[in-house]
Amino acid sequence: MKRRHFIASAGLLASTGTVSAAAAAKKPLLHHVFFWLNNPASEEDKQQLIKGLKALKGIPTIKEIHIGTLASTEKRDVVDTSWDVSELMFFDDEAGQKVYQDHPIHVDFVKNYAHLWKKVIVYDSIDA
């Protein structure tokens, strides 16, 4: 009886380990992008970029999107206020972010709006 219990327990642990590994591989991914405009004083350019970013909402793997501009919070040495527009996107996992990268809406966004920015920095992160 003890051997049978051991074998059953080992099988349960093995299957739980496999499920846990698969679950660990599917962690939510946050994609944060900062844009520096060629003409930062141009409200028209800023609004045009924001319009383009809003069009990205049509990509189905984006679970949530936040498009932002600088907040008027306290200026401190650790706060970077050099950028003009940002986007923060939430994906279920890295595969969803890859679909976004290759999606025609994203490809068109880059093609149609890249002339507006001089610099872009991307920060991708997953849950620790």
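Visitor: Start with burial. What share of the chain's residues is buried?
Guide: Buried residues make up 30% of the 128 residues in the protein chain. Buried means under 20% relative accessible area, exposed over 50%, and partly exposed in between, with a 1.4 Å probe and protein chains only.
Visitor: Where do these coordinates come from, and what are the ground rules?
Guide: This is a predicted model, in which local features need pLDDT of at least 70 and side-chain atom pairs count only at pLDDT 80 or more, while totals for chains, interfaces and linings use all residues. Residues are numbered from 1 along each chain as its sequence is written, and side-chain values use heavy atoms, with hydrogens and water left out.
Visitor: How many helices and strands?
Guide: The chain has 4 helices and 4 strands, in the sequence pattern α-β-α-β-β-α-α-β. These are DSSP runs numbered from the N terminus: helices are H or I with at least four residues, strands E with at least two.
Visitor: In what order do the strands sit in the sheet?
Guide: The order is E2-E3-E1-E4, in an open sheet with antiparallel pairing. Two strands pair if DSSP finds at least two bridges between them. The edge strands, each pairing on one side only, are E2 (64–69) and E4 (117–126).
Visitor: Which bridges does E3 make?
Guide: E3 (residues 85–91) pairs with E1 (residues 29–37) over 7 bridges, in the antiparallel sense. There, Leu29 has Phe91 of E3 as its bridge partner. E3 also pairs with E2 over 6 bridges, again antiparallel, and Leu88 in E3 stands opposite His66.
Visitor: How many residues of E3 are buried?
Guide: 6 of its 7 residues are buried, so E3 is largely enclosed by the rest of the structure.
Visitor: Switching to helices. At what angle do H2 and H4 pack?
Guide: H2 (residues 43–55) and H4 (residues 104–113) pack at about 170 degrees, with their axes 9 Å apart. That makes H2 roughly antiparallel to H4. Axes are lines fitted to C-alpha atoms, for helices over the stretch in contact, and angles run from 0 to 180 degrees between N-to-C directions. Angles under 35 degrees count as roughly parallel, over 145 as roughly antiparallel, 65 to 115 as roughly perpendicular and the rest as oblique.
Visitor: Which residues make that contact?
Guide: H2 contributes Gln48, Leu49, Gly52, Leu53 and Ala55, and H4 contributes Ile105, Phe109 and Tyr113. Contact means heavy atoms within 4.5 Å.
Visitor: And His106, buried or exposed?
Guide: His106, in helix H4, counts as buried at 9% relative accessibility. Not counting residues up to four places away in sequence, His106 touches Leu56, Ile59, Tyr100 and Gln101.
Visitor: What about Gln97, where is it?
Guide: Gln97 is in helix H3 (residues 94–102) and counts as buried at 11% relative accessibility. Leaving aside neighbours within four places in sequence, Gln97 is in contact with Leu29, His31, Phe91 and Asp124.
Visitor: Last one. What share of the contacts joins residues at least 24 apart?
Guide: 76%, among contacts between residues at least 6 apart in sequence.
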